Amino acid sequence: MGRRGQRRRVNCCSVAGILLLCFVERVLAQLKYSVPEEVRVGSPVGNVAKDLGLDTSTLTDRRFRIVSGPNHALFQLNQNNGALYVGKRMDREQLCDGTKVCLINLKIVVESPLEIHYVGVEITDVNDHSPTFPEKEQRLEIAEHTPPGTRFQIHAARDPDVGTQSVRLYKLNPNDLFDTDVRDSDEDKIPFLVLKKPLDREQKAEHRLVLTALDGGSPSKSGSLNLTITVLDANDNRPVFSKDTYSVSLDENVPIGTLVIQLNATDLDEGSNSEIEYSFGKTQKKKVHDAFELDSVTGEIRVKGKVDFEDTEIYRLDLQAADKGQPPWTAESRVVIKIRDANDNEPDIEVTSLSNNVPEDSKPGTVISLISVTDRDSGVNGKVICKISDNVPFDLTPSIEENMYSLVTKGSLDREIVSHYDITITATDCGEPPLYSAKTLRVQVSDVNDNRPVFSQNPVELYLVENNAPGSLITAVTATDNDLNENAAITYRIMRGDGLQGDMTSFLNVNSENGQISALKSFDFETLKTFQFHVVASDSGTPSLSSNVTVNVFILDQNDNAPVILYPVSSNGSAEGVEEIPRNVNAGHLVTKVRAYDADIGYNGWLLFSLQEVTDHSLFGLDRYTGQIRTLRSFTETDEAQHKLLILVKDNGNVSLSATATVIVKLVEPKEAFAASDVKSSAKDSEDNNVTFYLMITLGSVSALFLISIIVLIAMQCSKSTDYTSKYLQETNYDGTLCHSIQYRSGDKRYMLVGPRMSIGSTIVPGSHANTLVLPDRRRTSEEVRHISISV
């Protein structure tokens, strides 16, 4: 074999061509090479990358490889230079026994983008076998009166090589009586010994010859057979078959014992010389003996074993008919049995998965798997129709190779809706009745970062009681992400402002892992009523996706401000004052009015006045709501000239705060009172002017805050559903005073109505530390009253 065999055959004998076609995002091509059998392992076959025009520097990254299949180990690919070389020793007779063309089909795949190429390698024959005979010696008996030209079949030599390397001719050693003749058949050459001259037993009873079989190789190889011919007397007539060749058709899988054909041979002799015995030829193959049996007396050929079209399509039976004369005469015939195919094989599905995971953002046409379908039957029985299950975003696309398909995506994938698909591939042949097979392929849809985090509520409204502890948790926001793993890992952060005055984000902190928000400072309702900030939730995908939520914070009032006495106020700043009144005033006379202010709102800012100390309870009375001090009766001569009144001013908070004022009332004679009143009126006018100025500033500030709060609430309501607009209080007459108390909540407004004739217990929910507003809601069909309780 060596160097000469390589020089002769290790080259690409014919590149059949490159057939390129653009098919779904892949390029398919078909190459054909040839290589002789028995070539050394590692011998080159051809450069596939070069013939396909591939860049050899990218072969490793693109996973240039042979897809596993039958006989794929015979060859190997070099990913450095793209060369195809022999991977193991090849014996053509073992790989393709009995076939003229031994073709090994390979599937070669490169990725990114996916390309599938089909390479056919023809294994050519070399003359590595010599012709051999089934026996070393064959004995023939020939009657002496046998006429010249009579032919006698002798053993045929077998050579596993094909074509010109098989048996080409037979040679007989030189002699005067015999010659050879050869009958060509579809599979081999059958030699016959031809008598050239009549035999004379008395002259020579036995002849020894040597038959040599030569093949067509270069150099030629040979094998020999020793022939011993014994010359006999007797029988003058040979059996004769009715036909030289019989042809019959037989269905595969017929029951054992089925009659195939009955032979008919006749002999003109009489007696034992005309009795015929049938037999198979001596060179008949073993599979013929396994499948059929011959009745030597009747000539019936019956089925003996399994007859499978897929194993053998045509049986050729060499038969002999011999009489019982001495010597016996023989005749030869051939029976050709053609097996008719039956639909007895289900299609076979082979799946080569390129990847079990498909990204959900894969484009339509992405190749998932390669599907190969085979059916051992032939004709219409071997024609296969392949389809996949319905209602899946995948499709089967045929390849240039028959019964080859690609499983590709045909629609968009969404892992959040369907995380995997069980795709059933069904292959059905066209036989009668049709046979089918099915195979299920599970395709997992892998996640990509295509979903933003979603907050459970947006916006978030937070009601926070003032004077909160710095660093304490005030609320938490939660977002969810429908993606998986790192694509669903959410981190939180606060969207910081510009740091200018009014930016509260610098006093807030959020836990990046769980969204818990804490305040770094204590908030004061009297300073800040409401503010807004934004929390951003970002996932950990690439690229990262995010969304934000708006948090509207409303500060709720606490009773943390004590009442402040506005009048009376002495020159040193204490809450003390002196009032002079004539002795002759009547009952109900207004002595003075105690004025006070509380920075809190609602009940926390609703002030009540009471007399804590008074020298005579029968003289003076105090209005608990207005702070007016009036006389209860006329003064008498016995009444003291000076009276001290201690007034307690307290709010209505849960834990009430208070302040006290002292009023000294002096009784003077009418003339003194008039004179003092002139002097005092001028001073009091100045003092009243100052008090009025302060009251105007205070009322203006409170009104401005009230209007701003109303505008903010109206804007918030308008930003939401229009269902919340134009739904206000019913026209109900409330006996009281509307204070600047506003409770915040989306969808409704709350007012605190307080007054002298309003029952406190009717508006505060028992047991709660809260300001509570009870309003009928026109949006409800029933007479339902909402009680909203806000903890302090």
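1. Accessible area here is computed by the Shrake-Rupley method with a 1.4 Å probe. On that basis, the surface of the protein chain comes to about 41100 Å². Carbon and sulfur atoms hold 49% of that area. Please keep in mind that the model is predicted.

2. Overall make-up. The protein chain has 792 residues, and 45% of them are buried. Its secondary structure comes to five helices and 54 strands. Among contacts in the protein chain with a separation of 6 or more, 66% link residues 24 or more positions apart.

3. The core. The largest nonpolar core has 28 residues. Those with the most contacts inside it are Leu 263, Phe 292, Ile 301, Leu 317, Val 335 and Ile 337. Elements that give two or more residues to this core include the helix α4 (286–291). Strands on that list include β17 (245–251), β18 (259–262), β23 (314–323) and β24 (330–340).

4. Val 335. Look at its neighbours, leaving out residues up to four places away in sequence.

5. Asp 390. This residue sits in the loop between β28 (384–388) and β29 (394–398). Asp 390 counts as exposed because its relative accessibility is 64%, and the cut-off for exposed is over 50%. The C-alpha atoms of Asp 390 and Thr 424 are separated by 9.0 Å. Along the chain, Asp 390 and Thr 424 are 34 residues apart.

Technical notes
Residues numbered from 1 in each chain as written. Predicted model: local features only at pLDDT ≥ 70, side-chain atom pairs only at ≥ 80, totals over all residues. Heavy atoms only, no water. Helix = DSSP H or I, 4+ residues; strand = E, 2+ residues; numbered from the N terminus. Buried < 20%, exposed > 50% of the residue type's maximum accessible area, 1.4 Å probe, protein only. Core = buried A, V, L, I, M, F, W, Y, C linked by side-chain atoms within 4.5 Å. Contact = heavy atoms within 4.5 Å.
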